[in-house]
Amino acid sequence: MEYGLKPLGREKLWLWLMLVPTIIGLAFGTIGSLLATLTLSFFDWDLIGAPTWAGFSNYVQLFQNESYMEAFSNTLKFSAMYVPGVVIISLLLAVLLNRKIRGVGIFRTIYFLPTVTSAVATALVWNMIYGRDTGILNFMLESVGLSPICWLCTNNAMLSVVIVNVWGAIGEGMIIFLAGLTAIPRDYYEAAELDGASGFQQFLRVTIPLVTPSIFFQTLIAAINAFQAYDYIYMLTRRSGGDSSVPVAVFSIYRNAFHFFRMGDASAQAIQLALLVAAFMGVMFWWERRYVVYE
Amino acid sequence: MTKSLQKTVLDTLAYLVLGIGALTMLLPFVWMISVSFREPAQQYSRNLIPDPIVFQNYADLFRVLPNNAFLALVFNSFKISILTVIGQVLTCAMAAFVFAVVKFKGRNLLFALLLATMMIPPQVSLIPNFIIFKYMHLIGTQWPLILPAFWGGAFGTFLLRQYFLTIPRDLVDAARMDGASLFDIFWRIYLPLSKPAVAALAIFVFKDAWNDLLHPLVYLPTDMQQTTLTVGLAFFQQQLQLGGKFTVLMAGAFLSILPLLIIFFIAQKQFIEGIALSGVKR
């Protein structure tokens, strides 16, 4: 066992006292609640009467429940657009900023702003910007001769929501890529140049392989965020009565649990979301072993 | 093309792309501020600079909502966020110290278990936690938002532990010679020496608590006296008193992001380095 301070006498008690909050958190917050949600998913319960055993019926019903299947497929569609969007754009920005040009600090600050500010506040402005007749975006389109778009109507809402979410996430991705890029030793580029590699070849053969750990990490983070995306989507697509025009998985969990008080259904949906995250991580770690280059 | 010409061309291209991108990033913020200084009748105007510039919308926030509701929202947000920061920093630092410095049976197992919880989506905890707080009769109060901050967490514990590991062991040995207790070493050596990491964690936690939408929505009544500024803002539009005025709404939105903007501009380094750190040394 590595170096460690030995607790003396009564300090053993102190040691565990300092861990008490963490252990409570494990018991009630994370591991305990995972087990509790798993248990609840096998019952029907409205929080008022006694829970009744439901077996696997909550899981079977998930696949017959049209509104949940819509929410789940929306989450997948959203992720399929959001994850590549965030990874590619933030990598591109980081490569540009890594050119050692002036004003890097200012650009970094500007791109990072949405990460700091609340999705609720910025979504309210996006709502105005996306306005069909009054929004600034359609005004810009019209002024270059294009026809206006109903950004938040059912056909386009998904794309509009992805744009806002990507806008909100590229700052953080850029910082992670920038850290990965600055860690690449200059010698590698000098050696490549001596061998006559062009700038683009250097990017393909030196930068991309050496930045794969960051690509891996950023893809993982972006996907986890995508599966759990809620704030912007709720704010941009909510309709009267608490409904949404682009319901996603988290929205469905929230609504089943706290509007309809179907605790069993909501728990089964939460477990399915957790399984999706776990499955994705499994695939990613398999991919990591095959393709990610660590020095 | 010569080497230097090629560099100039590429640099110009980089500036062009970064510049257009930066304008896109800024547009929503600029628009928010612009609308917030307009007369309500001009809320849909396409002019960037308001004419005339009015401060009435900011005054309206404090005047039009009944019972000083806007002040209550601001107070609630500060109260919940600050208590969350205290809870997280304290409990995560204690656990991080024990995991980084003290030798005891089961240390590695417990730490691995804690790290594994990072993979559990927070939505999974929401339902059982709601049920527990319901049986404690705490739904509708701010306790369900504050109490969980005092039960540690994988992210904060991991972040601080990584920093604690960089503090030289000689300091601990020297303090031990002088008869310092475990808690003394934590309180008088590790915490004071870890200010940058503690600051980074505090900022992250404050940001997340301040911007949180889902948890206040679940636990708090949507009544303007009880809820947070972020959630209050989400329901501003439905407030009859504001009559759907975007100018007032934007003034509220800007005030709601102002504290974080100020913190960000003061502590930008900690913020950005904290993110970079979590990305590189996972």
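**Chain A and its partner**

Tutor: Of the contacts in chain A with a separation of 6 or more, 69% are between residues 24 or more positions apart; two residues are in contact if their C-beta atoms, placed from the backbone, lie within 7 Å. The model is predicted, so local features need pLDDT of at least 70 and side-chain atom pairs count only at pLDDT 80 or more, while totals for chains, interfaces and linings use all residues. Residues are numbered from 1 along each chain as its sequence is written, and chains are lettered from A and ligands numbered from 1 in the order in which they are written.

Chain A contains 13 helices and two strands, taken as DSSP runs (helices: H or I, at least four residues; strands: E, at least two) and numbered from the N terminus. Its radius of gyration is 24 Å, well over the 19 Å that the globule rule gives for 295 residues, so chain A is more spread out than a compact globule. That radius is taken over C-alpha atoms, and the rule is 2.2 Å times the number of residues to the power 0.38. The C-alpha trace of chain A spans about 75 × 75 × 35 Å along its principal axes. Of the 295 residues in chain A, 42% are buried. A residue is buried if 20 or more other C-beta atoms lie within 10 Å of its own, exposed if 12 or fewer, and partly exposed in between, with C-beta atoms placed from the backbone.

A:V83 gives a local view of helix α3 (residues 66-97) of chain A, where it lies. A:V83 is buried, with 23 other C-beta atoms within 10 Å. Apart from neighbours within four places in sequence, A:V83 is in contact with A:T219, A:A222, A:A223 and A:A226. A:G32 is 51 residues from A:V83 in sequence, and their C-alpha atoms are 31 Å apart.

In the loop between β1 (43-44) and β2 (52-53) of chain A sits A:L47. A:L47 is not a glycine, yet its phi is positive, about 80°. It counts as partly exposed because it has 13 C-beta neighbours inside 10 Å.

Helix α13 (residues 263-291) of chain A has 29 residues, which should span 42 Å at 1.5 Å a residue; the end C-alpha atoms are 41 Å apart, which agrees. The expected span is 1.5 Å times one less than the number of residues. The buried residues of α13(A) include A:M263, A:I271, A:L273 and A:V277.

At the interface, 79 residues of chain A are in contact with 74 residues of chain B. Helix α1 (residues 11-40) of chain A supplies the largest share of the chain A side, 19 residues. That side has 57 nonpolar, 16 polar and six charged residues. Here Ala, Val, Leu, Ile, Met, Phe, Trp, Tyr, Cys and Pro count as nonpolar, Asp, Glu, Lys and Arg as charged, and the others, Gly among them, as polar.

On the partner, an automatic or database assignment gives domain 1 (3-55) and domain 2 (66-238) of chain B. The C-alpha centres of these two domains of chain B are 37 Å apart. The peptide bond from B:D51 to B:P52 is cis, with omega near 0°, and B:P52 lies in the loop between α1 (3-36) and α2 (56-64) of chain B.
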